[in-house]
Amino acid sequence: MTCGDLLDRMPVVAAGRGSWSAEEAAHLAECVECREDWALIQQARTLGQAGERVDTGKIQSQVLARLAAARRADRIRRGGWVAGLAAAAAVALMLWRGNIPPTNATGPATTAPTVENFSIPVAELETLDGGQMQAVLENLEAPLSAGGTPDVPNFGDLDNEQLQSILGSMEG
Amino acid sequence: MSPSDAALVEAYRAGDQSAATLLVARHATPLGRFLVSSGVGPDEAEDLVQEALFRAFRRIDTWRAEASFRSWLFTIAGNLVKDEYRKRRGRMMVSIEDRDLADHNDPAATLDAKDAEERLAAGLTRLPRLQREVFLLRVNGGVEYEEIAATLGTTPGAARVHFHHAVKRLKELVR
């Protein structure tokens with residue numbers, strides 16, 4: 001058994017859904033690193049305890065009331081859509097039976113003019129000298145997420161051997 | 001024997017409103033715990049629990065049962081926290097002093113515990129999002145790596161590495 005194996009078991013034991021085996025308990029008693037991990041896991045669970053006081057009954061009634069209101073709104077929207085469709089069908093029927101051509105179909109078809117080699121001048125960039133242009137490019141390359149948390153690799157494309165070697169290097 | 005989440009979701013989809021009541025009763029408290037651990041104040045947690053559950057039921061058809069209903073809910077709640085965090089431009093969502101801390105008779109121990117909790121809460125907000133979510137799902141939700149992987153779109157092995165990295169990083173941040 002490694003420290004990593006013990007760490008994997010810690011959330012289960014902390015949640016009271018399991019207990020230490022004799023081997024695990026002996027390892028925990030001897031390994032300072034694992035005791036630190038264990039203290040951290042327990043502390044993290046304590047941190048969430050304030051969230052256990054949510055008023056479930058109140059949440060139930062509010063969620064159900066909001067869902068009922070949303071369903072009513074959906075029905076009204078659907079009803080409006082059906083009414084609109086029925087009105088459009090009625091107009092189409094009248095046009096067909098009265099043989100009245102639609103007003104927008106009477107004129108000759110027109111084609112929007114097109115311009116070949118159309119280009120949009122970007123005046124602000126064209127007037128910059130080399131140094132200013134470089135500064136703009138560097139700005140573009142700078143990360144956007146100022147103040148956010150750093151990105152981490154997903155590891156999802158690594159095989160078990162590669163993942164094991166990462167974990168090994170962490171323990172080593 | 002109480003019905004499974006999948007059975008309750010199926011019943012709700014078929015129009016049984018009481019299934020929603022049971023699902024809320026089952027998952028509201030773990031959701032509250034998850035949110036508070038994510039840096040949400042206990043007072044705000046209740047509103048966000050309600051919002052997460054409301055959103056979940058509104059798009060219940062998108063739940064595919066590949067991941068558990070609870071970890072799916074945690075993902076929705078995690079997105080809500082992220083949105084709130086963005087709205088406040090990265091500021092902590094709660095004053096640490098607002099939290100309920102362990103009640104110790106020894107004032108020095110109380111201060112130590114409070115200090116350690118503050119550092120842990122701050123450390124959690126500094127973890128990369130993926131590491132934080134894996135850590136919280138595992139520690140607060142008791143979710144297995146396979147399920148975390150299905151929820152967050154990664155592999156079980158990668159989820160395990162993220163969990164180990166998160167613990168290592170938090171230990172450094174808390175020291």
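Among contacts in chain A between residues at least 6 apart in sequence, what percentage join residues at least 24 apart? The figure is 49%, where two residues are in contact if their C-beta atoms, placed from the backbone, lie within 7 Å. The structure is a predicted model, in which local features need pLDDT of at least 70 and side-chain atom pairs count only at pLDDT 80 or more, while totals for chains, interfaces and linings use all residues. Residues are numbered from 1 along each chain as its sequence is written, and chains are lettered from A and ligands numbered from 1 in the order in which they are written.

**View 1. Chain A has seven helices and zero strands.** Helices (H or I, at least four residues) and strands (E, at least two) are DSSP runs, numbered from the N terminus. The order of elements in chain A is α-α-α-α-α-α-α. Of its 172 residues, 10% count as buried. A residue is buried if 20 or more other C-beta atoms lie within 10 Å of its own, exposed if 12 or fewer, and partly exposed in between.

**View 2. Chain A meets chain B through 47 residues of chain A and 54 residues of chain B.** On the chain A side, the elements that give two or more residues are helix H1 (3-14), helix H3 (32-47), helix H4 (56-98) and helix H7 (160-171). By class, this side has 23 nonpolar, 14 polar and ten charged residues. Here Ala, Val, Leu, Ile, Met, Phe, Trp, Tyr, Cys and Pro count as nonpolar, Asp, Glu, Lys and Arg as charged, and the others, Gly among them, as polar.

**View 3. Asn154(A) lies in the loop between helix H6 (130-141) and H7 of chain A.** Asn154(A) counts as partly exposed because it has 15 C-beta neighbours inside 10 Å. Leaving out residues up to four places away in sequence, Asn154(A) touches Thr154(B) and Ala158(B).

**View 4. The largest nonpolar core has 62 residues.** Such a core is a set of buried Ala, Val, Leu, Ile, Met, Phe, Trp, Tyr and Cys residues joined through C-beta atoms within 7 Å. Leu35(B), Val49(B), Ala77(B) and Val134(B) touch the most other members. Helix H2 (residues 17-37) of chain B gives the most to this core, with nine residues. Apart from neighbours within four places in sequence, the contacts of Leu35(B) include Gly51(A), Val49(B) and Ala77(B). In soluble globular proteins, nonpolar side chains tend to be buried together.

**View 5. Helix H3 (residues 42-58) and helix H4 (residues 69-87) of chain B cross at roughly 120°, their axes coming within 9 Å.** Axes are lines fitted to C-alpha atoms, for helices over the stretch in contact, and angles run from 0 to 180 degrees between N-to-C directions. H3(B) and H4(B) are therefore oblique to each other; angles under 35 degrees count as roughly parallel, over 145 as roughly antiparallel, 65 to 115 as roughly perpendicular and the rest as oblique. The contact involves Leu48(B), Glu51(B), Ala52(B), Arg55(B) and Ala56(B) of H3(B), together with Leu73(B), Ile76(B), Ala77(B) and Leu80(B) of H4(B). By class, this contact has seven nonpolar, no polar and two charged residues.

**View 6. Ala121(B) sits in helix H5 (residues 107-126) of chain B.** Ala121(B) is buried because 21 other C-beta atoms lie within 10 Å. Ala121(B) and Val174(B) are 53 residues apart in sequence, and their C-alpha atoms are 9.0 Å apart in space.
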